[in-house]
Amino acid sequence: MAAAGFEPRILVLSTNAISDPGIDYAGSGHVHYPAAARVLRFPCSSMIRPEFILHAFRSGFSGVLIAADGGDCPYLRDCPERTSRRINDAYALLKANGIDPSRLRMSGICSVCSEAFAKHVKSLYEAVQKLGPVVPPGA
Amino acid sequence: MVEAVTVAPKTAEHYDVLVVGAGIAGMEASLTLGDMGMKVLLVEKSPTIGGRLLLLSKVFPTLDCASCISGTKTSGTSHHPNVTMMTYSEVSEIRRNDKDGSFSLRYVEKPRYIDTALCTGCGECEKACPIILPKETEYGLRGRKAIYIPFDTAVPKKAVLDLDNCIFCGACERVCPADSIDFLQAPREHEAEVGAVILATGFEPFPIEKKESYHYGQFPNVVTSLQMDRLTGPTRPFNSILRPSDGKEPSNIAYALCAGSRDKTVGNLRCSQVCCMYSMKQAQLILGTLPAADVTLYYMDIRAYGKGFEEFYQQTKAMGVKFVRGRVAQVEEEKNGDLTVYHEDTEGPGGKGKSTHDLLVLSVGLLPMRGIEKVFKNATLELDEMGWVKLRDETRSPSETSIDGVFSAGTASGPKDVPDSIAEAASAAAQAVGYVLSWREKTGAAVGIPLPKSMPVPMPQAVEVAAK
Amino acid sequence: MAKVVLDKPGEAKEPARIGVYVCHCGGNISDYVDVAKVAETVAKEDGSVVVSKHLMFDCSDVAQQEMIDDIQKLKLNRLVTAACSPKLHEATFRAAAKRAGLNQYLTYHANIREQSSWPHSDDPHGATEKATSHVRSGIAYVKSAQPLDVLRSESTQSVMVVGGGVTGLRAALDLARMNVRVYLVEKAPYLGGHVAELASTYPLGEKGIAIVQRLVSEIQEQPNITVFTNAELVSFKGYVGKFSVTVRMNPRYVVDRSPRFAEAIEACPVQVPEEFDHGLTVRKAIYWPRGPTVPHLPLIDLGLCTRCGACERLLGKAVRFDQPPENLELQVGSVIVSTGFEDYTPALGEYGYGEIPDVVTLPEFERMLEFGDGSGLRHNGHAVGSIAYLYCVGSRQKPGEATTPGSPAHAYCSRFCCNATIHNALDVSGRYPDVRLYHFYRDIRTYGRNELLYEKAGRAGSIFVRYTEDHPPVVSQRDGTAHVTVQASILQNEAVDFPVDLVVLVTGMVSRENRSLNEMLSLPIGPDGFYREVHQKLRPVETNTAGLLIAGTAQAPKDIRETLYSGSAAAAKAATFALKKELELEPFVAFVDPARCSASGKCVAECPYGAIELREQGDFGKKAWVNSAVCKGCGACVAVCPTEAIQRAGFSNDQIRDMIRALGVAEEGA
């Protein structure tokens, strides 16, 4: 059950060329989503080491959204496949550390996909709110 | 855009190449030249760069998001140290100097009534302005204010004041946090010397009102493919595809291909080269949004000629889009706003047919953007019978126009898709550099391209001229 | 090659002295974000923040000057700005830092407008917390930031063009005109490729060989171009700016000029069909190539030569049967591959090809037109009064429709053929007005102004009959005459029989078999068999390998004008490297700490650009090594390294972890 008054924090990992401008675009359009979503931009989502995600959960985040480039990635034609591999590895790592893998999500966010971005953040926020805070194993 | 340099130097500016038009071809030419180390003056008449591509939904046949792929070009252009980008500016005069093959030009920076050095693109002025007008970049599907930022992904992201429609209420001036509004701004005329000229002036959509039997502008549910492109894009005005007459989601959409192309009756015999493909792209996007909709394309020949195009056509057919071979002849409006389409059907019984649809999209063709030929004062820029820039020697050096040192890029010389425009733009860049260097050699001027300077290029010479 | 220099562990670092500047953006930020509180909070929390201010407009000249003054007076060594999106002003503040004498990469620009105040205008408290946390992450970033500099890599100011068809000729010419040294390598003994064969080209009706000769005569005026015909690539290594390519010049066995070449060719007893004329003529074992040659000498086809000595007796020392191949190693900055296409060859019996003598392909027919003597069109011993063109032969095939066993179907459209065929029909109508012309087609794809050709052909008497893919025409022979049977809507869907004197199969372009070159250059190949560009829409002549460019019909079917554009475009891209003595590259590349590297090779496999290799590194042994001239900085390698030995300059793993930690800090009371 969710802890009373639990305010989850979401880490969004964006990409310089495509999804970060998409998140900017949500801002320009004053499209609202929970302010609990903090953004860190990467050159490409295929750079994200699974341990970074585990580190995020250990740093106070209760949800992580990878805002990937999808097929529009300027670096890699097969970026979606590579990013999926990272996420599969991260799922395994989270499971091994007792963290519900559904707290990690990925979505392709194009440079003008403001509504889609807001929708994904809200949905993850709500899901994570239901799950409650990440409890370290043995706590 | 060169940041923070506003001091006008005392002498006329020198550039290696002038590029007219900052659509995808103009940007590509400028970036390629800039990467070669050439100094480029890029003059764009609208308030923003990016041209038609930036405003498209997705592109065929890859279905890449147009904004995503062109965003790298707009930001690259605006930050390139060798490219001086002048938006909302028009070239007024070009003279060729026969002595050294160079060109002297004048161009006018139109007043935005905004101090662009101060404007942060926040949009407060837009909110305050009481005047609502149809928004050009949305083909009238949305409104804009008399003071406005053309669109959210605009480069440069600066406001522009449409003085013709301004009532001088002063609301924008009061709310602008940067104090950037300047009603007294006058046109500024600039002078420059360049080594070569690249024309990337683009196209305009065929004015389909001319095809009277289609009743565009009279029947609200007859729309153009440009409007439909906005409706299928991620930044679309409504969060779905809605038909104009009653806001209903259409369930039976028809495309009339060759609207304003391959048509003697409207004076354009040519094929516009991109309409088959963009119509199929839109059909696929429509099925993404409205999976249950029927989409019918009335066509004469499906011209899926480019790389990956035929495969895209087969995919579109496999998705259930209906292809009826025959041109739309006549459109009638029903009481409920639906449209009855009379068409040929060369493969069906009787050779013709009649069908009712709730939305009709006209796949409009392309016409040249005219006017650039008038700026050449001592040489003639030859155009073909349709007004496209004529290529002088297309089986040898296809970027050359009738004027030595003036090159064509992108749709200035005829309709074409993005990869062809890109290739032509880079080609024009190569040939322009070859031209500049060969003249420098002939005139004994320094040969070889100066390496890019680490300092930004100063703004060109500015001379105040009287306001209209 | 420039190196990214890292602080060694344990090396004393100068303590960070950070300046933070939070922007109001004239209310756009400060209306929703409590900018004063943001500035105060981060200053209070972190001792290394020397100064923390909130300013009306960070980007104004006044504010920038204030930052510069602070950097200099307060000896700040790190700068954090918090304002609009970094896409708008990151460059502005990097430039300001540079003006203050600070390395521009010791800065961070936090996004608190597009990503704080605007999307959270409904939640000022949340917006303020988020802005604070974005600034914290910026502080975390700059604390461990390293000064970076533009990377420099030397660049050879020359280009190799592989393939001497019109594309390669155009590319070579453009580069030479830009004062770039060019090596043009052609495998055949002559220049001009397929275009040289064409009797009449659309839309102007020029002879193909005339187009080739015009380009070649310009090439000859360019001292910067060295042409090798009868030559090929045998080795290729290196990277952009510094490729090393070995070209093998195959022997011609004719080494000197002689006034008696004509006699010698006459004397040769060996006769074979001439490929250039698609076998319509013959040539000898010693022969003149049919297009422009460099050097201007005939050659001996040693595979056919019987060593009878007839030519040698006439030519003396000009013939040298023991002439060896010669290898030449060349240094170039980039390589343009313009190796062209092959004509689709119908399978035996495909529409009667090879079985019915009156069935020919369009390229064969082009050559036939060249040999017309004006007395009328003749073929196979009879006059030709009617021609049936069958379109899309070998193009637009359905899956499984491939006629060559084992090869995939040609699903694509070959682009030029509708235009070329209709032009050919107009050419025939012009030469032989009485010949009846039937076109059996699926869609006429005379795109653009080529539509005018189509319109004109209709007026000139060509008859167009459309068939559908489900009912392709059938070609048969009865009583010595070819018949085309077709079912078409225009014929009331009845099967109608057309007896004709000649059937012309409109064959498309297929990719060239060139396995050794493709493997040597690691050229990417698409599903259609043609070279695959790195981005179909925006980068049509570039590949994943920087400095390796593709042009012309090797990339996709094109017509002459389009292929010339492609050649020039590739020249332009090559010139972006070749016009510089030194390439300046972004410093954001991967780097390896060889002490940590376990040589797992995972990064090597992950890199899409081939920028990483395992190589001997002194005491460390064989460890991963990044070629920073090739690395694009995507970071894919960073994610797969088991020991974190490979990281990205300007965004190290520790920086990332510090930033995540900073972003995760809970507000007091929250």
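Author: A crossover is right-handed if, with the strands pointing away from the viewer, the path from the first strand over the helix to the second runs clockwise. This is a predicted model, in which local features need pLDDT of at least 70 and side-chain atom pairs count only at pLDDT 80 or more, while totals for chains, interfaces and linings use all residues. Residues are numbered from 1 along each chain as its sequence is written, and chains are lettered from A and ligands numbered from 1 in the order in which they are written.

Reader: Which elements make the right-handed β-α-β unit in chain B?

Author: The right-handed β-α-β unit consists of β16(B), helix α7 (residues 309-318) of chain B and β17(B), where helices (H or I, at least four residues) and strands (E, at least two) are DSSP runs, numbered from the N terminus. The path from β16(B) over the helix to β17(B) is therefore clockwise when the strands point away from the viewer.

Reader: What makes β16(B) and β17(B) a pair of strands?

Author: Two strands pair if DSSP finds at least two bridges between them; β16 (residues 294-299) and β17 (residues 322-325) of chain B are joined by 4 bridges and run parallel, so they count as a pair. In this pairing, Thr296(B) has Lys322(B) as its bridge partner in β17(B).

Reader: How many bridges does β19(B) make with β18(B), and how many with β20(B)?

Author: Strand β18 (residues 328-333) of chain B pairs with β19(B) in the antiparallel sense over 5 bridges, with Val331(B) opposite Val341(B), and the two strands form a hairpin with 5 residues between them. On to strand β20 (residues 352-357) of chain B, β19(B) has 6 bridges, also antiparallel, and there Glu344(B) is partnered with Lys352(B).

Reader: Which residues of β19(B) lie on the covered face, and which on the uncovered one?

Author: In strand β19 (residues 339-344) of chain B, the covered face holds Leu339(B), Val341(B) and His343(B), whereas the uncovered face holds Thr340(B), Tyr342(B) and Glu344(B). In a regular strand the side chains alternate between the two faces of the sheet.

Reader: Why is Ala82(C) called buried?

Author: A residue is buried if 20 or more other C-beta atoms lie within 10 Å of its own, exposed if 12 or fewer, and partly exposed in between, with C-beta atoms placed from the backbone. Ala82(C) has 29 other C-beta atoms within 10 Å, so it is buried. The residue sits in strand β3 (residues 78-83) of chain C, and its C-alpha atom is 9.3 Å from that of Thr132(C), 50 residues apart along the chain. Leaving out residues up to four places away in sequence, the residues that Ala82(C) touches include Val22(C), Val38(C), Ile112(C) and Val135(C), contact being defined as C-beta atoms, placed from the backbone, within 7 Å.

Reader: What is said of the phi of Cys258(B) and of Asn230(C)?

Author: Cys258(B) has a positive phi of about 55 degrees although it is not a glycine, and Asn230(C) likewise has a positive phi of about 55 degrees without being a glycine. Most residues other than glycine have a negative phi, and most peptide bonds are trans. Cys258(B) is placed in strand β15 (residues 252-259) of chain B and is buried, with 25 other C-beta atoms within 10 Å; Asn230(C) lies in the loop between β8 (225-228) and β9 (231-239) of chain C and is buried, with 22.

Reader: Which peptide bonds in chains B and C are cis?

Author: Among them are the bond from Val155(B) to Pro156(B), with omega near -5 degrees, and the bond from Tyr202(C) to Pro203(C), with omega near 0 degrees. Pro156(B) is in the loop between β10 (147-148) and β11 (160-161) of chain B, and Pro203(C) in the loop between β7 (181-185) and α7 of chain C.

Reader: How many residues does the largest nonpolar core have, and which have the most contacts inside it?

Author: A nonpolar core is a set of buried Ala, Val, Leu, Ile, Met, Phe, Trp, Tyr and Cys residues joined through C-beta atoms within 7 Å. The largest has 338 residues, and those with the most contacts inside it are Leu175(C) and Ala575(C). Its largest share, 14 residues, comes from helix α8 (residues 418-442) of chain B.

Note on methods. Two residues are in contact if their C-beta atoms, placed from the backbone, lie within 7 Å.
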